[in-house]
Amino acid sequence: MMSAQEILASVGSFSPYDLLLFEEKTVRKIFSKNDMLLQPGEICQSVYFILSGSFFQFQDNDLTETIIDLHLPKEWMYNHPSLIEQKPSGTTIKAFEDAEVIELSLSNLHGLIAGSQSFLNLGRIFDQANHRTYLFDNALSPAQKYNYIKNVKPLIVQVFPVKMIASYLKIAPETLSRVRANH
């Protein structure tokens, strides 16, 4: 089981007092495969740190699911527009496999920052949108997209099927299969 210190290591260093505060303000939750963590129309009120398992975030367009994000262990996960703007979510976050997370609600996050300035470092978890921006604002070739995602999230290709990764990268599954065959 991961400690508060291990969970927070990616955002900064924290005192023993800070770690106790964090443990008081967070909740462990278990999800089974296909459980919904967030549904369209709900307002995202929390950030989640994935201890084990994986999740995917998608938009349902009648017949197809468009993958918006793929979430792996040791990552923070949330719906960015819904959380930041406190507006109803346009996406679903669903467990891809059995999973365990730590939930930190927005109000408890504010409580942490009020209790200790160190928690201002948690702002770093909101920079994740930059990965998506890099992937989709740059005119990357399918091979460049695949290499980027493999470097940023190396486990992605072991956890998720080609079809889901292709949807996330906005390329055809056949194209992704060709790119992977050449690497």
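**View 1. Helix α2 across the sheet.** Helix α2 (residues 16-25) lies across β1, β6 and β8, at about 50° to β1. That's in a predicted model, where local features need pLDDT of at least 70, side-chain atom pairs count only at pLDDT 80 or more, and totals for chains, interfaces and linings use all residues. Residues are numbered from 1 along each chain as its sequence is written, and side-chain values use heavy atoms, with hydrogens and water left out. Helices (H or I, at least four residues) and strands (E, at least two) are DSSP runs, numbered from the N terminus. Axes are lines fitted to C-alpha atoms, for helices over the stretch in contact, and angles run from 0 to 180 degrees between N-to-C directions.

**View 2. Helix α4 on the sheet.** Helix α4 (residues 106-115) packs on the sheet and touches β3 (46-52) and β8; contact here means heavy atoms within 4.5 Å. The direction of α4 makes about 60° with that of β8.

View 3. The 4 strands run in the order β1-β8-β3-β6, with antiparallel pairing (two strands pair if DSSP finds at least two bridges between them). β1 (26-31) and β6 (76-77) sit at the edges with a single partner strand each, so one side of each has no neighbour in the sheet. β1 pairs with β8 (residues 99-105) over 6 bridges, and Thr-26 stands opposite Leu-104 in β8.

**View 4. Strand β3 and its partners.** β3 is joined to β8 by 6 bridges and to β6 by 2, antiparallel in each case. Look for Phe-49: Ile-102 in β8 is opposite, and Trp-76 is the bridge partner in β6.
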